[in-house]
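Please look over the structure below with this briefing beside it. The notes begin with one pair of side chains and then widen to the rest of the protein.

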Amino acid sequence: MDDGLDFLQRLIVTGTGKAETIKTIRDIEGLLERLTRDQDALRSDTTPRGRKMKGEIDHLVRLIVSGATVLYAKELKEAL
């Protein structure tokens with residue numbers, strides 16, 4: 001990914017107990033699903049820590065979605 005989205009390759013997914021780097025769109029989707037579950041769990045947490053964590057997760061999700069959108073478009077263009 002030499003298009004400025006190399007940060008996606010450096011994200012580490014640890015949901016399986018192993019450290020794995022994100023390599024595919026499917027990996028990104030899995031990470032977003034886990035982050036969405038975390039957002040839902042924090043939705044009713046009104047403590048300062050809970051609000052801060054939710055805000056940080058929200059920001060991370062926005063960054064990942066922005067990067068993934070570019071990758072989806074790139075893959076779609078290559079497929080056509």
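The side chains of D58 and Q39 are joined by a polar contact of 2.4 Å, a polar contact being a pair of N or O atoms within 3.5 Å, where within protein one must be able to donate a hydrogen and the other to accept it, and where residues adjacent in sequence count only if both atoms are side-chain atoms. This is a predicted model, in which local features need pLDDT of at least 70 and side-chain atom pairs count only at pLDDT 80 or more, while totals for chains, interfaces and linings use all residues. Residues are numbered from 1 along each chain as its sequence is written, and side-chain values use heavy atoms, with hydrogens and water left out.

**D58 and its helix**
- D58 lies in helix α3, residues 48-79; helices (H or I, at least four residues) and strands (E, at least two) are DSSP runs, numbered from the N terminus.
- D58 counts as buried because its relative accessibility is 19%, and buried means under 20% relative accessible area, exposed over 50% and partly exposed in between (1.4 Å probe, protein chains only).
- The buried residues of α3 are G50, K54, I57, D58, V61, I64, G67, A68 and L71.
- The end C-alpha atoms of α3 are 46 Å apart, which agrees with the 46 Å that its 32 residues should span at 1.5 Å a residue, the expected span being 1.5 Å times one less than the number of residues.

**The nonpolar core**
- The largest nonpolar core has 12 residues, among them I22, L42, I57 and V61; such a core is a set of buried Ala, Val, Leu, Ile, Met, Phe, Trp, Tyr and Cys residues joined through side-chain atoms within 4.5 Å.
- Helices α2 (25-42) and α3 each supply at least two residues of this core, and α2 gives the most, with six residues.
- Leaving aside neighbours within four places in sequence, V61 is in contact (heavy atoms within 4.5 Å) with L32, L35 and Q39.

**The whole protein**
- The protein has three helices and two strands, and from the N terminus on its elements run α-β-β-α-α.
- Of the 80 residues of the protein, 26% count as buried.
- The average pLDDT, which is the predictor's confidence in each residue, from 0 to 100, is 77 for the protein, and 72% of the residues score at least 70.
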